[in-house]
Amino acid sequence: MIPALVTATTALATLAGLAVLLGTGSWRCAMRVLLDLLTAAGLLRLAGGQGWTALAAAAAIVLLRRLLWAALTAGGPTGPPGRVRRPPAPDAAG
C-alpha cells in the first residue's frame, strides 16, 4: 500500500508542478511546489520502511531539496518576476 501511495504522490507532484508552472508562469514557484511534494513522498516512503536505509533516503531527499532551493534562490531577484526596483521619489519639499 505504501509503495503505491509513494508512486502516486510522486506522479501527482510532477503534475502539480507542471500545473503551477502553466498557471503562474513562475518556474521557481513550480520548483518549490515540486520539491515540497517530493519531500512528502520521501516521508511517506519512510513511513513504509522502518530501517536505517529508509531514514537515510528520507534525509537525503530533504537535504537535496534544501540544497536545490538554496542554489535556485542564490543571487536571484527578491521581488515578483517582472518587477523593476526603482529608487524612491524625491520629496516635494526639497
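Hi everyone, and thanks for coming. Some ground rules before we look at the fold. The model is predicted, so local features need pLDDT of at least 70 and side-chain atom pairs count only at pLDDT 80 or more, while totals for chains, interfaces and linings use all residues. Residues are numbered from 1 along each chain as its sequence is written, and side-chain values use heavy atoms, with hydrogens and water left out.

Let's start with the overall picture. The protein has three helices and zero strands, and the pattern along the sequence is α-α-α. Helices here are DSSP runs of H or I with at least four residues, strands are runs of E with at least two, and both are numbered from the N terminus.

How do the helices pack? Two packed helices are described by the angle between their axes and the distance between the axes. The axes are lines fitted to C-alpha atoms, for helices over the stretch in contact, and the angles run from 0 to 180 degrees between N-to-C directions. H1 and H2 pack at about 175°, with axes 8 Å apart, and are therefore roughly antiparallel to each other. H2 and H3 pack at about 170°, again with axes 8 Å apart, which makes H2 roughly antiparallel to H3. For the cut-offs, under 35 degrees is roughly parallel, over 145 roughly antiparallel, 65 to 115 roughly perpendicular, and the rest oblique.

Between H2 and H3, the meeting residues include Met 31 and Leu 35 in H2, and Ile 61 and Trp 69 in H3. Contact means heavy atoms within 4.5 Å. Of the contacts with a separation of 6 or more, 56% are between residues 24 or more positions apart.

Now for the charged residues. Side chains of opposite charge can pair when their charged atoms come close. How many salt bridges does the structure hold? There are two, where a salt bridge is a side-chain nitrogen of Lys or Arg within 4 Å of a carboxyl oxygen of Asp or Glu.

Arg 32 pairs with Asp 36, with the closest N and O atoms 4.0 Å apart. Both sit in helix H2 (residues 27–48), four residues apart, about one turn of the helix. Asp 36 also forms a salt bridge with Arg 65, at 2.5 Å between the closest N and O atoms. That pair links distant parts of the chain, with Arg 65 in helix H3 (residues 52–73) and Asp 36 in H2, 29 residues apart. Together, Arg 32, Asp 36 and Arg 65 are linked in a network of salt bridges.

Is Arg 65 buried or exposed? Arg 65 counts as buried, at 16% relative accessibility, whereas Arg 32 is partly exposed at 32% and Asp 36 is partly exposed at 34%. Buried means under 20% relative accessible area, exposed over 50%, and partly exposed in between, using a 1.4 Å probe and protein chains only. Of the 94 residues of the protein, 17% count as buried.

That's my tour, and I'm happy to take questions.
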